[in-house]
Amino acid sequence: MIGLYHTVKGDLFDIARRLKEVDKDYFIVYSYRDNRYEVHSKGNKGNTLCFAAPRLDERVIVKARQTRRERLDSLIAEAERDNELVKREAVYQTVKKIERGAEAALSQGG
């Protein structure tokens, strides 16, 4: 092993080239330390990491399309919707737990 990572220029499924079609600033490195492929963007300021993948296949291209900067507003809205659903479920479960506790207490007292 030479260094902590190497830049992937070519691969079996041509993911490195196809990724450039999604965004010319994307590039792939393989991290020896983390044993994974990482998609980076030269367009990012500071940390260039966009996302990681255990292997190079079609899912990397799909993920790159889904997470492009142009989709930032819709990604944020989607995350907020998901967070709201999680909060509602937590409130629902808390109410159910309180109801069960109250029913148990009332049935023992009577």
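This is a predicted model: local features need pLDDT of at least 70, side-chain atom pairs count only at pLDDT 80 or more; totals for chains, interfaces and linings use all residues.

Trainee: Thanks! Which side chain meets D14 in a salt bridge?

Mentor: That would be R17, with 2.5 Å from N to O. A salt bridge here is a side-chain nitrogen of Lys or Arg within 4 Å of a carboxyl oxygen of Asp or Glu. R17 is partly exposed too, at 42% relative accessibility.

Trainee: How many salt bridges are there by this rule?

Mentor: The count comes to 10. Another one of them joins R59 and D57, whose closest N and O atoms are 2.4 Å apart. R59 counts as exposed at 54%, whereas D57 is buried at 16%.

Trainee: And what about E84 and R88, how are they placed in helix 3?

Mentor: E84 and R88 are 4 residues apart in helix 3, so about one helical turn separates them. Helices (H or I, at least four residues) and strands (E, at least two) are DSSP runs, numbered from the N terminus. The side chains of E84 and R88 meet in a salt bridge of 3.5 Å, N to O. E84 is partly exposed at 35%, and R88 is exposed at 57%. Elsewhere, salt bridges that share partners join R33, D34, R36 and E38 into one network.

Trainee: Then there's H40. Where does H40 lie, and is H40 buried or exposed?

Mentor: H40 lies in strand 3, residues 36-41, and is buried at 9% relative accessible area. The H40 side chain makes a polar contact of 2.9 Å with the side chain of E38. A polar contact is a pair of N or O atoms within 3.5 Å; within protein, one must be able to donate a hydrogen and the other to accept it, and residues adjacent in sequence count only if both atoms are side-chain atoms.

Trainee: What else is H40 in contact with, beyond neighbours within four places in sequence?

Mentor: H40 is in contact with D25, Y26, F27, V29, T48, L49 and C50, once those neighbours are left aside. Contact means heavy atoms within 4.5 Å.

Trainee: Changing topic: which residues touch the most other members in the largest nonpolar core?

Mentor: L19, I28, V39 and V60 do, in a core of 15 residues. A nonpolar core is a set of buried Ala, Val, Leu, Ile, Met, Phe, Trp, Tyr and Cys residues joined through side-chain atoms within 4.5 Å. Helix 1 (15-22), strand 2 (26-31), strand 4 (49-53) and helix 2 are the elements that give two or more residues to this core. Helix 1 gives the most, with 4 residues.

Trainee: Which residues does V60 touch?

Mentor: Not counting residues up to four places away in sequence, V60 touches I15, L19, V39, F51, A53 and R55.

Trainee: Nice. How many aromatic pairs are there?

Mentor: There are 2. Y30 and Y32 are edge-to-face, 5.6 Å centre to centre with 80 degrees between the planes. Y30 and Y37 are also edge-to-face, at 4.8 Å and 65 degrees. Rings of Phe, Tyr and Trp (its six-membered ring) pair if their centres lie within 6.5 Å; planes under 30 degrees apart count as stacked, over 60 as edge-to-face and the rest as tilted. Y30 is buried at 14%, while Y32 is partly exposed at 32% and Y37 is partly exposed at 23%.

Trainee: Last one: what pattern does the protein follow along the sequence?

Mentor: The pattern is β-α-β-β-β-α-α, with 3 helices and 4 strands. The radius of gyration is 23 Å, whereas a compact globule of 110 residues would have one near 13 Å. That radius is taken over C-alpha atoms, and the globule rule is 2.2 Å times the number of residues to the power 0.38. The C-alpha atoms fill a box of roughly 75 × 35 × 30 Å along the principal axes.

Definitions and conventions
Residues are numbered from 1 along each chain as its sequence is written. Side-chain values use heavy atoms; hydrogens and water are left out. Buried means under 20% relative accessible area, exposed over 50%, partly exposed in between (1.4 Å probe, protein chains only).
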